[in-house]
Amino acid sequence: MEVTSASMVAAAAMLALIFAVYSPAAMAQSAGPAPAPASDGTSIDQGIAYVLMLVALVLTYIIH
């Protein structure tokens, strides 16, 4: 079986691809802890209250 230059190029490309995929994994570090939540839920409650007030305002204009 004769080794051609095309098969050598293909083998080198496959080796480079495998090296490119696995070498960043060797230097990987574990992720740090997740940050604490930015709010305690009061901003969500306030947003819901604003939406409900807007709905009430629109309904008032539609009814009158």
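Here is our chat about those labels.

Modeller: Quick note: it's a predicted model, where local features need pLDDT of at least 70, side-chain atom pairs count only at pLDDT 80 or more, and totals for chains, interfaces and linings use all residues. Residues are numbered from 1 along each chain as its sequence is written, and side-chain values use heavy atoms, leaving out hydrogens and water.

Biologist: Why is Leu59 called partly exposed?

Modeller: Buried means under 20% relative accessible area, exposed over 50%, and partly exposed in between (1.4 Å probe, protein chains only). Leu59 has 45%, so it's partly exposed.

Biologist: Where is Leu59 found?

Modeller: Leu59 sits in helix α2, residues 42-63. Helices are DSSP runs (H or I, at least four residues), and strands are too (E, at least two), numbered from the N terminus.

Biologist: How many helices and strands does the chain have?

Modeller: Two helices and zero strands.
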